[in-house]
Amino acid sequence: MLIIVKKYPFSGRKETNIDVFSIPKYTAPDFETHRLKNAPDDVTAPSPKDGAAPDNYHATGIYPEYFKLDGKWLLAEESRMDCVPVYENGIIKIIEFRRLKAGQRVVLGRTEDGCESIYVHMYGFSKRNSSERGFSFRQGRSRETAYSKDYDELYELLKHERDNGSILWVMGPACAFDSDSRNAMASIIKADYAHGLMAGNALLLTI
């Protein structure tokens, strides 16, 4: 289930609950640290054909990611999970596999700590130590693991967006076809936590 939040500053909604939830401030990595400052340039390789990535390609995740190319650390500004970073015209573009074109320069590397000039910044929105190890299914927590604290923060985010913007839900058709899911979604709509709902070609509803 994916939630996309959109803000409409001229919607006339009153701003409340500002003290309950505030948008986290993003802190960029310190590229003056010895490890990141002295990292070599990343390696790229051309896509061998349309819709295919070269061996050892890097797959993107949910966190901000930086790539050092031509001596500069570049942020993938419009990232999404399970795509491919492509270096083009001095910027990092995030491309779906199926949209890769033969010859595009795909970033290579499977590490995320900067040693291969790929740095995944997991704690840009928190005060946690960025030196902690990252994604691993062998550890207790991964990118796809949620704790109760995450849901508490999500509740506060929804309250904030309900009172200050608009909320669009994007999900599978089970929200309409499954009885329990339909009742749960109906409760969310009645509580004004949904202003738009999309579920593929099975359902398109604007509230």
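What share of the contacts in the chain with a separation of 6 or more comes from residues 24 or more positions apart? Such residues account for 62% of these contacts, where contact means heavy atoms within 4.5 Å.

The model is predicted: local features need pLDDT of at least 70, side-chain atom pairs count only at pLDDT 80 or more, and totals for chains, interfaces and linings use all residues. Residues are numbered from 1 along each chain as its sequence is written, and side-chain values use heavy atoms, with hydrogens and water left out.

Whole-chain values are tabulated here.

| Item | Value |
|---|---|
| Helices | four |
| Strands | 11 |
| Buried share of the 207 residues | 33% |

Helices (H or I, at least four residues) and strands (E, at least two) are DSSP runs. Buried means under 20% relative accessible area with a 1.4 Å probe, protein chains only.

Four strands form an open, antiparallel sheet in the order β2-β7-β5-β6; two strands pair if DSSP finds at least two bridges between them. At its edges lie β2 (44-46) and β6 (91-95), each pairing on one side only. Strand β5 (residues 84-88) is joined to β6 by five bridges, and Pro 85 has Ile 94 of β6 as its bridge partner.

Ile 94 also belongs to the largest nonpolar core, which has 10 residues, including Phe 67, Leu 69, Tyr 87 and Ile 92. A nonpolar core joins buried nonpolar residues through side-chain atoms within 4.5 Å. Strands β3 (65-69) and β6 each supply at least two of its residues. Not counting residues up to four places away in sequence, Tyr 87 touches Leu 69, Asp 70, Leu 74, Ile 92 and Arg 105.

Key. Buried means under 20% relative accessible area, exposed over 50%, partly exposed in between (1.4 Å probe, protein chains only).
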